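Here is a brief report for a reader new to this structure. Start with the sequence and the model.

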Amino acid sequence: MCYTFVEMNAAEPRLPKNYKMIYDIIRAAGHGVHFTMSDVFARVKRRQPTIGFSTVYRGIARLRDQGCIDEIEVPGTDSAVYELAGKPHAHFRCERCGTVVDVPYQLPTRTLDALAAQIGAKIEQSALTLQGRCRKCVKAR
Ligand SMILES: [Zn+2]
Ligand SMILES: [Zn+2]
């Protein structure tokens, strides 16, 4: 649960306003828009030219830890993407243009339970990323 704003307004009024700016940018983009750290940095810099990358980096980490944004590790890339926190879903990544889109799917609990039993583990997290070519890239051939 994202509690940044409760915190900002009351208990921790000195929380950097830059963090709110980062959140505003991601929130304004809405669900289904995925940003790399550099995307966020570029946008924040447009509003606040003096901001440093490390401030943006820390802000993103903080917003992630507070559940305001989700971090997705995308297979085949070396940088994670970030998006507004919301319902769990899967992702699709286009291998040609790199676009990441939401896929409205969640691995069923009973599937995870069965897999956990099979390997004798306790599964605490799951993420699914499909890869291939997006609609645009399929058409472009
Ligand atoms: Zn594509
Ligand atoms: Zn997503």
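This is a predicted model. Begin with Arg64, which sits in helix 4, residues 53-65.

How many C-beta neighbours does Arg64 have inside 10 Å? The count is 15, so Arg64 is partly exposed. The cut-offs explain this: a residue is buried at 20 or more such neighbours and exposed at 12 or fewer. Beyond its neighbours within four places in sequence, Arg64 is in contact with Ile69 and Glu71. Pro16 is 48 residues away from Arg64 along the chain, and the C-alpha atoms of the two are separated by 15 Å.

| Strand | Residues |
|---|---|
| Strand 3 | residues 81-84 |

Strand 1 and strand 3 run antiparallel and are joined by two bridges. Thr36 has Val81 of strand 3 as its bridge partner.

Now the domains. Where the domains meet, seven residues of domain 1 are in contact with eight residues of domain 2. Which classes of residue make up the side of domain 1 that touches domain 2? That side has four nonpolar and three polar residues, and no charged ones.

How values were computed. Residues are numbered from 1 along each chain as its sequence is written. Chains are lettered from A and ligands numbered from 1 in the order in which they are written. This is a predicted model: local features need pLDDT of at least 70, side-chain atom pairs count only at pLDDT 80 or more; totals for chains, interfaces and linings use all residues. Helices (H or I, at least four residues) and strands (E, at least two) are DSSP runs, numbered from the N terminus. Two residues are in contact if their C-beta atoms, placed from the backbone, lie within 7 Å. Two strands pair if DSSP finds at least two bridges between them. Ala, Val, Leu, Ile, Met, Phe, Trp, Tyr, Cys and Pro count as nonpolar, Asp, Glu, Lys and Arg as charged, and the others, Gly among them, as polar.
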